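Please keep the sequence and coordinates open while reading.

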Amino acid sequence: MKRSIFIVMALFVLILISPTVYSGNETIQYDNGMALEWLSEKLEANDWNYAVETISWSILALASEGMDYSKGVTKLQEIK
């Protein structure tokens, strides 16, 4: 019984970490660069007016790919 639960959990985890998303008959590849571009556009459109946690996580995400996050740091300093 424990073994079958472990196998089901392992398969579930593998599905969750898979970079491919299935939508009907289409297969959509996850693109980290496009996702970060989208995030950057959303942040800029709202002038980084989000909760501290959202700004902080966004800065970390953008920094991981070397993207500009200076406005986010400025906004955090304003909130402080």
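The model is predicted, so local features need pLDDT of at least 70 and side-chain atom pairs count only at pLDDT 80 or more, while totals for chains, interfaces and linings use all residues. Residues are numbered from 1 along each chain as its sequence is written, and side-chain values use heavy atoms, with hydrogens and water left out.

Helices here are DSSP runs of H or I with at least four residues, numbered from the N terminus. Helix α2 (residues 32-45) has 14 residues and reaches 20 Å from its first C-alpha to its last, close to the 20 Å expected at 1.5 Å a residue, where the expected span is 1.5 Å times one less than the number of residues.

Its buried residues (under 20% relative accessible area, 1.4 Å probe, protein chains only) are Leu36, Leu39, Ser40 and Leu43. They lie on the same side of α2, because they cover an arc of only 100 degrees around the axis, taken from the directions from the helix axis to the C-beta atoms. These buried residues pack against α3 (52-64), with contact meaning heavy atoms within 4.5 Å. On the other side of α2, Met34, Trp38, Glu41 and Ala45 are exposed, that is, over 50%. After α2 comes Asp47, whose phi is positive, near 50 degrees.

Leaving aside neighbours within four places in sequence, Lys75 is in contact with Asp47, Trp48, Asn49 and Ile55.

Definitions and conventions:
Helix = DSSP H or I, 4+ residues; strand = E, 2+ residues; numbered from the N terminus.
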